[in-house]
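This report describes one protein model, beginning with a pocket and ending with individual residues. Please keep the sequence and the structure in view while reading.

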Amino acid sequence: MKMDAQTIMTGRGCVIGQSGSGKSYLMGVIAEELCRANLPFCVIDTEGEYDSLRNNFGVLVVGGEAGDIKLDSDLTSAFAASIGNDIPIVLDVSEELDRKDAVYRALDALYHLASRIRKPYLIMIEEADKLAPQAVGKGINIVEEISIRGRKRGLGLLIATQRPANISKNVLAQCSYGFIGKLTIRNDLNAIRPLFGSGNKLNNITKLRTGEFMPFGLEHEEKFKVKMRQSMHGGETPELVAYEPQNRKLAAIIEQLKKGKVPVKASERAVQTVTIEVIPAQFGLADAQAYAERMARRRFVLFGEATESVDSVKQQYLPVGMCTMRLPTHWKGEYLEYYVFVTGNGDLLSVNNKVRFIGGRSGFKTSERETRSYMARQPVILAEVQVPKDEVPKNDLTAQKALRCLRGFFPDPTLADFRKAYLPFYKITFKKGNRVRIHSIDGIKGERFDIL
């Protein structure tokens, strides 16, 4: 049976079958075919069964007893090397006391890296029912997040489980193709019923033999027998084979990762960055994360008496315009020059002693004294930063729009200069169960502010 590589690399699929059906064996065959096609992927190995792939292919083993690098290494660099050099990764968590936490940390690093690179990359997960269980009221975990939102980041997902009734419905519902091995438990058969349009196929599934699977969502609809693997299945041998890297590139990358250095990066063509001018931040990401942790320890009425948890802290940018404004004096032909920031909503933005807005469309009147507090005598020296292109919001501000805004606040202003810029701020997401609260703080003073 043949499959389109694009479907595998960027789609959502599943391999389901009870113990002894050949589920893990099929996952191993798929991994071998991806290695032959020189396609990058990461397989989450919960039982130490996939390191045998390196007997025949160039793969990077992270974790486990005989891993090339430890699980506490810089995983972002490891994934960058994998994606940029088409090297598969076996993430061996078989020796970890908290396997779920180890997997979540690794997938979180990969998810954020993929948001910048956006290159097709497959994640294969064994025992998905344990890593993405069906749990009501506990929010979305990283596996569910990838299944729902990973496609636009180039992340494909292939999960394997012997208990489909226990896996998150959010994950299973995203699977557009898959392979079903023998199942006999009624709850599991009911769980996969939506995947098939025919009741006859469900009856046939109970009669499948070891190594036989029924596909769905593919052109081939008849049952098939899994072909032989080239690599010995890790569960069939108690001995670990000594590893010799197959090529110099992989050996060099492993050596760099062991030394804590960033290996060969993904192609520059894949990561598109732009240079923008920003109001210099005095409150960094580490400060924002510490702020979020302090806030999480407080109690909020909205969530009852329980403490919230910090779900994410993300740096974002608000489009603004820095205007060099001239106001007339009592003397004809003389002007005073000020520097003012405006936003796309027609608001004034103060960055002097506190980041705050005066709403241009809110309808309330402001005193001349309050309005003048938004004017600066000296220009703010903007800083140039390079950021991923897809993380920068579009700045639609023009000199004409800025001047219309200024005329709503100041008498007879003229615009001597206009520059597009951005205000850095941090979006903090708190969670308590399935409830979410968003809290924004500015990057200048580190204080809460509402984006109008």
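## The largest pocket

About 2,000 Å³ of space lies in the largest pocket. A pocket is found on a 1 Å grid over the protein atoms alone, as an open set of points where a 1.4 Å probe fits, with protein on both sides within 12 Å along at least five of seven lines. Grid points are joined across faces, edges and corners, and the volume is the space filled by probe spheres set on the points.

The lining of this pocket comprises 48 residues, and those nearest its centre are Asp108, His112, Asp311, Ser312 and Lys314; a lining residue has an atom within 4 Å of a point. Two or more lining residues come from each of helix 4 (99-117), helix 6 (142-149), helix 7 (169-172), helix 11 (285-296), strand 11 (309-328) and strand 16. Helix 4 gives the most, with nine residues. By class, the lining has 13 nonpolar, 15 polar and 20 charged residues. Here Ala, Val, Leu, Ile, Met, Phe, Trp, Tyr, Cys and Pro count as nonpolar, Asp, Glu, Lys and Arg as charged, and the others, Gly among them, as polar.

## The model and the chain

This is a predicted model, in which local features need pLDDT of at least 70 and side-chain atom pairs count only at pLDDT 80 or more, while totals for chains, interfaces and linings use all residues. Residues are numbered from 1 along each chain as its sequence is written, and side-chain values use heavy atoms, with hydrogens and water left out.

The protein chain contains 13 helices and 17 strands, which are DSSP runs numbered from the N terminus (helices: H or I, at least four residues; strands: E, at least two). Of its 452 residues, 49% count as buried. Buried means under 20% relative accessible area, exposed over 50%, and partly exposed in between (1.4 Å probe, protein chains only). The chain exposes about 23,100 Å², of which carbon and sulfur atoms supply 47%; such areas come from the Shrake-Rupley method with a 1.4 Å probe, and for residues only the protein chains shown count as cover. Among contacts (heavy atoms within 4.5 Å) with a separation of 6 or more, 71% join residues 24 or more positions apart.

## Aromatic pairs

The structure holds five aromatic pairs. The ring centres of phenylalanine 409 and phenylalanine 410 are 6.5 Å apart and their planes meet at 55°, so this pair is tilted. Rings of Phe, Tyr and Trp (its six-membered ring) pair if their centres lie within 6.5 Å; planes under 30 degrees apart count as stacked, over 60 as edge-to-face and the rest as tilted. Phenylalanine 409 is buried at 19% relative accessible area, and phenylalanine 410 is buried at 5%. Elsewhere, ring pairs link Tyr177, Phe179, Phe213 and Phe224 into a cluster.

## Two aspartates in loops

Aspartate 86 has a phi near 55°, a positive value in a residue other than glycine. It lies in the loop between helix 3 (75-85) and strand 4 (89-92), and is partly exposed at 22% relative accessibility.

Aspartate 412 also has a positive phi, near 50°. Its loop runs between helix 13 (399-407) and strand 16 (414-432), and aspartate 412 is exposed, with a relative accessible area of 60%.

## Serine 82

Serine 82 lies in helix 3 and is buried at 1% relative accessibility. Leaving aside neighbours within four places in sequence, serine 82 is in contact with Pro40, Phe41, Ile87, Pro88, Ile89 and Tyr121. Its C-alpha atom is separated by 8.1 Å from that of leucine 60, 22 residues apart along the chain.
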